[in-house]
Amino acid sequence: MIAKDLRINPLRTSLTALSMFIGIIALIAGVLVGTLGRDYLEAVNARLGGKSPTYSAIVDVPSSVNIQVVTALQERLAHFRPGIASAQYHLNDLAIWASSGDGNTEIRRVTIIIIDAERTRIMPAPIIEGTWLTGADEPATLETAVNESARQYVHDGTVALARTGNPQQVPARVNGVIADGTDTPTIYVNATTLQRYWPQAWEPDGLTILVHPNEGVDGQHAKTMLDDLLSDVGTGSISSWNRSDNADDYEQVIGFLQLGVTVTAILLLSVSAVGMINIGLAGIEQRSHELLIRRALGATRASKPYRSSARPCCSASSSPSPRCSSPRCWSGQFRG
């Protein structure tokens, strides 16, 4: 009866089916929020804070570190067994030469990060054009990489580095352009080549080492191994060890969004299912009324109320007869 009633009411059935389809799409979207959305947020946040988990080690390093120590540290970090490690030096007086509003050039402060080639393994940044920085064990000139916002400072494949208050210009080759997820103009300088080809500017104020432990490696174990490495190289010791990625924050947000969309989708499906059941119950109620009317007219339980093969006892063209008023005559119209 329900199936037949659905065919009888195509418009109402189509609208209810559309609502069920919307509910199913919403349910699928709720699942995708927790899968594709989580993967997307992980990729975006890894560019800014590192893969999950990433630890930040603050190292007290003297400014008189020579090129041998810097190269040795870079090579040791490139083969850091407990995970991936990248060194970032802090030089506060670095700047660039850029065009001013009147067409002349002036020293301008932008974000300049002194790093090594291992950084993109912890903070993955897609290469838009060119290549990334050269490893410490490979020969290279003074080289840099820029993000999309810093393209304006690239001329003839180089950027002009400078020191605050010093008119000297030092050209540095730009290897490529990366998408680091920030809108601030940022220039990444190879630490090894900077110390080798521009030693006058090598006055680091500090050193930060980013560490992404391998799966199954405890953070405390990675810290101990890194401290031993720094002691062997002679670069200092760890003064601060903190978690730098924000995986816990976005995982909670994604979980909340996924739960909200899933609950909404389930409610939509429930409303659609109730509508379908309501249509079926309305059809059954209508059939029940028809059966009650036919029983009142004299149909028996053995009758087949949905089809009739008996001829009526009387018709509009015939004259009334006593047989037309008998209950047997009425019940015969509904018996097969």
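These legends walk through several close-up views of a predicted model. Residues are numbered from 1 along each chain as its sequence is written. Because the model is predicted, local features need pLDDT of at least 70 and side-chain atom pairs count only at pLDDT 80 or more, while totals for chains, interfaces and linings use all residues; side-chain values use heavy atoms, with hydrogens and water left out.

View A. A nonpolar core here is a set of buried Ala, Val, Leu, Ile, Met, Phe, Trp, Tyr and Cys residues joined through side-chain atoms within 4.5 Å. Buried means under 20% relative accessible area, exposed over 50%, and partly exposed in between (1.4 Å probe, protein chains only). The largest core has 46 residues, and Tyr89, Ile112, Ile114, Leu161, Leu194, Ile209 and Leu226 touch the most other members. Its largest share, five residues, comes from helix H6 (residues 219-233). Helices (H or I, at least four residues) and strands (E, at least two) are DSSP runs, numbered from the N terminus. Apart from this core lies another, of nine residues, including Ile115, Ala125, Leu133 and Ile178.

**View B. Helix H6 and its buried face.** Gly219, Ala222, Leu226, Leu229, Leu230 and Val233 are the residues to look for, as they are buried in H6. Seen down the helix axis, the buried residues fall within an arc of 95°, so they line one face of H6; the arc is that of the directions from the axis to the C-beta atoms. Ser231 and Asp232, on the other side, are exposed. The buried residues pack against E1, helix H3 (67-78), strand E11 (206-213) and strand E12 (238-243), where contact means heavy atoms within 4.5 Å.

View C. After H6 comes Gly234, with a positive phi near 90°.

**View D. Ser56 and Ile209.** Ser56 sits in strand E1 (residues 55-59) and, at 14% relative accessibility, counts as buried. Beyond residues up to four places away in sequence, Ser56 touches Thr208, Ile209, Leu210, Ser240, Trp241, Asn242 and Ser244. Ile209, with neighbours within four places set aside, is in contact with residues including Ser56, Leu77, Leu226 and Leu230.

**View E. Asn147, tucked into strand E7.** Asn147 is part of E7 (residues 143-147), and its 0% relative accessibility makes it buried. A polar atom of the Asn147 side chain lies 2.7 Å from the backbone oxygen of Thr184. Among the contacts of Asn147 outside four places in sequence are Val177, Asp180 and Pro185.

**View F. Strands E5 and E10 side by side.** Four of the five residues of E5 (residues 111-115) are buried, so this strand is largely enclosed by the rest of the structure. E5 pairs with E10 (residues 186-190) in the parallel sense over five bridges; pairing requires that DSSP finds at least two bridges between two strands. Ile113 has Tyr188 as its bridge partner in E10.

**View G. Glu215 in a loop.** Glu215 lies between E11 and H6 and, at 85% relative accessibility, is exposed. Glu215 and Pro82 are 133 residues apart in sequence, yet 9.1 Å apart in space, C-alpha to C-alpha.

Note on methods: Polar contact = N/O pair within 3.5 Å; in protein donor to acceptor, adjacent residues only side chain to side chain.
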